[in-house]
Amino acid sequence: MPKATFGGLELEIDEDGFIQEPEKWSTAVAEDLAKTEEVEKMGDDHWNLVNYIRDYYLQFGVAPPVRMLCKKTGFDLKYIYELFPGGPAKGACKVAGLPKPTGCV
C-alpha cells in the first residue's frame, strides 16, 4: 500500500488518499489531509463537522449517515459541500481520518 506524509507522520493510504491507520490521526494530520481536499484553512465549522464524524466513527465503527450528520451539526448538505468540496464522504470523512466509507455517508 502507498504511503504519504501528513502531520509529520508517514501513513499508509489507499488509492483515494484515505489513511489506513485511523489511530494515528491528529489535528496536524487533519490539516494536511484538508489541503488535499481543497481546504486551505480549517475553520470552526470544519472542525465541528470533522470532530462529529470522528466521534461517531470511534463510537460506532462507521461514518454517520448524511441525514444524521446534517441534523446533529445543524449544517445543510449544501453547506457541507462548501466546507468540503469533496462532500461528506470523500472530503470530510477523509479529513476526519476514517477509512474510505463503503456505503452512503
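**View 1. L49, V50 and I53 of helix α2 meet A92, C93 and V95 of helix α5.** Meeting here is contact, with heavy atoms within 4.5 Å. This is a predicted model, where local features need pLDDT of at least 70, side-chain atom pairs count only at pLDDT 80 or more, and totals for chains, interfaces and linings use all residues. Residues are numbered from 1 along each chain as its sequence is written, and side-chain values use heavy atoms, with hydrogens and water left out.

**View 2. Helices α2 (residues 44-60) and α5 (residues 87-95) pack at about 85°.** Their axes, lines fitted to C-alpha atoms over the stretch in contact, sit 8 Å apart. That angle makes α2 roughly perpendicular to α5 (the label covers 65 to 115 degrees; angles run from 0 to 180 degrees between N-to-C directions). Helices here are DSSP runs (H or I) of at least four residues, numbered from the N terminus.

**View 3. Helix α5 is largely enclosed by the rest of the structure, because 7 of its 9 residues are buried.** Buried means under 20% relative accessible area with a 1.4 Å probe, protein chains only. The buried ones are G87, P88, G91, A92, C93, K94 and V95. What covers them includes α1 (27-35), α2, α3 (66-73) and α4 (77-83). After α5 comes G97, with a positive phi near 85°.

**View 4. R54, in helix α2, is buried yet has no salt bridge.** A salt bridge would need a side-chain nitrogen of Lys or Arg within 4 Å of a carboxyl oxygen of Asp or Glu. For R54, the nearest side chain of opposite charge, D55, is 6.6 Å away. Leaving aside neighbours within four places in sequence, R54 touches P22, W25, A96, G97 and L98.

Terms used: Helices (H or I, at least four residues) and strands (E, at least two) are DSSP runs, numbered from the N terminus. Angles under 35 degrees count as roughly parallel, over 145 as roughly antiparallel, 65 to 115 as roughly perpendicular and the rest as oblique. Buried means under 20% relative accessible area, exposed over 50%, partly exposed in between (1.4 Å probe, protein chains only). Lys and Arg count as positive and Asp and Glu as negative; His and the chain ends are not counted.
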